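Subject: Structure for your review

Dear colleague,

Please find below the structure that I am handing over to you. My notes on what was found in it follow directly after.

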Amino acid sequence: MERYTNIMRMPMSMEGSNKALYHYRKPTVQNCKVTFADGSTYWEKMIFNDKFLSIKAEQNKLYLDKACTKLADVTRKQKIQECKRLGLI
């Protein structure tokens, strides 16, 4: 017998044929704190897509504050390259 299970007791979306498709709640998802190998910390802004029920980070942008209003002078790609050049990765 096949049935859909909800082991983690998460709220489920009842749209479509797959009843085990989980949905997120916007208030519970926040911007992410990123710490690089050299010890520097930045924030990444999360983007919500209500149509496809997905969450992703803004591509290649870093911010200085938790609210993601102050853009950092370095990009994520540049920071990773710098850590590689220093031999930390």
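R76 has its place in helix α1 of this predicted model, where helices (H or I, at least four residues) and strands (E, at least two) are DSSP runs, numbered from the N terminus. With a relative accessible area of 36%, R76 is partly exposed; buried means under 20% relative accessible area, exposed over 50%, and partly exposed in between (1.4 Å probe, protein chains only). Leaving aside neighbours within four places in sequence, R76 is in contact with F36, E44, N60 and L62, contact meaning heavy atoms within 4.5 Å. K61 and R76 are 15 residues apart in sequence, and their C-alpha atoms are 6.0 Å apart in space.

Some conventions apply to these notes. This is a predicted model in which local features need pLDDT of at least 70 and side-chain atom pairs count only at pLDDT 80 or more, while totals for chains, interfaces and linings use all residues. Residues are numbered from 1 along each chain as its sequence is written, and side-chain values use heavy atoms, with hydrogens and water left out.

Salt bridges

The structure holds three salt bridges, a salt bridge being a side-chain nitrogen of Lys or Arg within 4 Å of a carboxyl oxygen of Asp or Glu. Side chains of opposite charge can pair when their charged atoms come close.

One of the salt bridges is formed by the side chains of R76 and E44, at 3.1 Å from N to O. This pair links distant parts of the chain, with R76 in helix α1 and E44 in strand β2, 32 residues apart. E44 is buried, with a relative accessible area of 11%.

D38 forms a salt bridge with K79, and the closest N and O atoms are 3.0 Å apart. Because D38 lies in the loop between β1 and β2 and K79 in helix α1, the pair ties together parts that are 41 residues apart in sequence. D38 is partly exposed at a relative accessible area of 30%, whereas K79 counts as buried at 6% relative accessibility.

K79 also forms a salt bridge with E82, where the closest N and O atoms are 3.8 Å apart. Both K79 and E82 lie in helix α1, three residues apart, or about one turn of the helix. E82 is partly exposed, with a relative accessible area of 27%. Salt bridges that share partners join D38, K79 and E82 into one network.

Strands and the aromatic pair

From the N terminus on, the elements of the protein chain run β-β-β-β-α, which comes to one helix and four strands. Strands β1 (residues 32-35) and β2 (residues 41-44) run antiparallel and are joined by four bridges; two strands pair if DSSP finds at least two bridges between them. T35 has T41 in β2 as its bridge partner. The two strands form a hairpin with five residues between them, and G39 in the turn has a positive phi of about 95°.

The structure also holds one aromatic pair. The rings of F36 and Y42 have their centres 6.1 Å apart and their planes at 65°, so the pair is edge-to-face. Rings of Phe, Tyr and Trp (its six-membered ring) pair if their centres lie within 6.5 Å; planes under 30 degrees apart count as stacked, over 60 as edge-to-face and the rest as tilted. Both F36 and Y42 are buried.

Most residues other than glycine have a negative phi. In N60, however, phi is positive, near 65°, and C68 likewise has a positive phi, near 60°. N60 lies in the loop between β4 (54-57) and α1 (76-85), and C68 is placed in the loop between β4 and α1. N60 is partly exposed, with a relative accessible area of 32%, but C68 is buried, with a relative accessible area of 6%.

Surface and totals

L86, L88 and I89 make a nonpolar surface patch of about 310 Å². I89 is found in the segment after α1 and counts as exposed at 62% relative accessibility. Patches are made of residues with over 30% relative accessible area and no salt bridge, with like charges joined within 9 Å and nonpolar side chains (Val, Leu, Ile, Met, Phe, Trp, Tyr) within 5 Å.

Of the 89 residues of the protein chain, 22% count as buried.

Yours sincerely

Terms used. Accessible areas come from the Shrake-Rupley method with a 1.4 Å probe; for residues, only the protein chains shown count as cover.
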